[in-house]
Amino acid sequence: MALPISGSFHQKHFGKMISLNQYGWDHCFQSSQTQSDLLIGRVTSIQGFKYYIITIHGEKEAELSGKLLYEISAEELPKVGDWVTMKDYETMGYIIDVLPRKNVLSRKNPGSKTERQLLATNIDYALVVQGLDRDFNIMRLERYIVQLMACSITPIVVLNKADLVNDWNPFSSEISTLQRDCKIHFCSTYNGIGIDELFNSVLEPRKTYILIGSSGVGKSSLLNALMNNSLRAVSDVSTFNNKGKHTTTTRDLFLLPNDSIVIDTPGMREFGLTFERGHNDDELFPAIHQFAAQCRFSDCKHLHEKDCAVIAAVERGELEKQVYESYLKLVKEQRRFEMNAEDKKRLGKIAGKMSREAQENRKKYKY
Ligand SMILES: Nc1nc2c(ncn2[C@@H]2O[C@H](COP(=O)(O)OP(=O)(O)OP(=O)(O)O)[C@@H](O)[C@H]2O)c(=O)[nH]1
Ligand SMILES: [Zn+2]
């Protein structure tokens, strides 16, 4: 596991004022700043009830204020990447509010049909990591890309373990069939190929990146390689928080030496799609979109409608069957999530109405 900010910060910046810009603060969050006695900071780590927040005065430990604890939903609670306001007392800080989010990265909560799980917030780019060993899987890659785009996050494909194959071209060709306009970057943390380029030419300062991918693809190795020498200098505190206590970190936000901000996530076995509004299918599936305009019906689902230009393109061999099938599968999955969530809401409303009526009747008839 690489070093969380909670460890590196105190070593590097003790006593100095920290610039929040360095941690991705930008004017779009500014308008929501209200009381001047509150401290603004970004959540770098959450461990149980404790929140670690980077502020201009350094890293603070905080808990939720009563208002947050009792009045807001699980999704609204602070997540790694959130900007929050807090009151800072000598022994402990209290988070007062979560500032409006630029975006959230969600996935379907594994084990639930209707719930989203928010992984992190306020993210510019995602480094979608796959290993060039048996892990490489084009369908899984597309699933990540679709969900990221639906969450308004720009995907960058990172193909790690490039030392294991001699010819990278087949991987690039396969990805190009998805016709997605996203960067592909080959690297190896094993022999260092592509790491400097990733660090110097791909990762921009003050932008927030999230590392995602299955377990074992090399996310932690990659983060370690990017943290480079500064990590080694303070590695002895890597698993200890600022009070020297051992912590088990599950998800964290890191500042790289080039001032890019990286959020690490544990390897994900499932990355189920949710239904995020604001994007239509066409935007999320450009390979389908280029033919869809010629379909006979403007609301064509490209399943078995008459004169469907998408199906015709598959038959002519102009659209890869695999890309078409992946599209159908992913759209179906998103719709299923949406329908289940709406059903649940409807049932919840009916149950609420029934219980209100029962209460009124009890009052009225005094039973
Ligand atoms: N050959 C090769 N092996 C690598 C490379 N990068 C990482 N590995 C190996 O892959 C294994 C998994 O690496 P990790 O960095 O722990 O993977 P991870 O994605 O962080 O895994 P989780 O923490 O489970 O999410 C380790 O044994 C690494 O040594 C690489 O570029 N080439
Ligand atoms: Zn069609």
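Student: In this predicted model, which residues is His302 in contact with, leaving aside its neighbours within four places in sequence?
Tutor: The model is predicted, so the contacts are computed from C-beta atoms placed from the backbone, with a cut-off of 7 Å. With neighbours within four places in sequence set aside, the partners of His302 are Ile288, Ala292, Cys295, Cys308, Val310 and Ile311.

Student: Is His302 buried or exposed?
Tutor: His302 is placed in the loop between H9 and H10. A residue needs 20 or more other C-beta atoms within 10 Å to be called buried. His302 has 23 such neighbours, so this residue counts as buried.

Student: How does Cys295 count, by its C-beta neighbours inside 10 Å?
Tutor: Cys295 lies in the loop between helix H9 (286-292) and helix H10 (309-316). Because Cys295 has 19 C-beta neighbours inside 10 Å, the residue counts as partly exposed.

Student: At which residues does UniProt place the feature "binding site"?
Tutor: Contacts of Cys295 beyond four places in sequence include Cys300, His302 and Cys308. The unreviewed UniProt entry names these residues together with Cys295.

Student: Which helix gives the most to the shell around ligand 1?
Tutor: The shell holds 17 residues, and the closest are Ser215, Gly218, Ser220, Ser221 and Gly267. A helix spanning residues 219-233 gives 3 residues to this shell, the most of any element, and that is helix H7.

Student: How many residues of the shell around ligand 1 are polar?
Tutor: Gly is counted among the polar residues here. The shell also has 4 nonpolar and 3 charged residues. The number of polar residues is 10.

Student: How far apart in space are Ile156 and Leu105, C-alpha to C-alpha?
Tutor: Ile156 is in strand E9 (residues 154-160), and has contacts beyond four places in sequence that include Tyr125, Cys182 and Val202. Ile156 and Leu105 are 51 residues apart in sequence. In space, their C-alpha to C-alpha distance is 15 Å.

Student: What percentage of the contacts in the protein with a separation of 6 or more is between residues 24 or more positions apart?
Tutor: The protein has 11 helices and 13 strands, and buried residues make up 34% of its 367 residues. Of the contacts with a separation of 6 or more, the share between residues 24 or more positions apart is 69%.

Key: Residues numbered from 1 in each chain as written. Chains lettered and ligands numbered in written order. Predicted model: local features only at pLDDT ≥ 70, side-chain atom pairs only at ≥ 80, totals over all residues. UniProt positions renumbered as here; feature names shortened; annotations may be inferred. Helix = DSSP H or I, 4+ residues; strand = E, 2+ residues; numbered from the N terminus. Buried ≥ 20, exposed ≤ 12 C-beta atoms within 10 Å, placed from the backbone. Contact = placed C-beta atoms within 7 Å. Near = placed C-beta within 6 Å.
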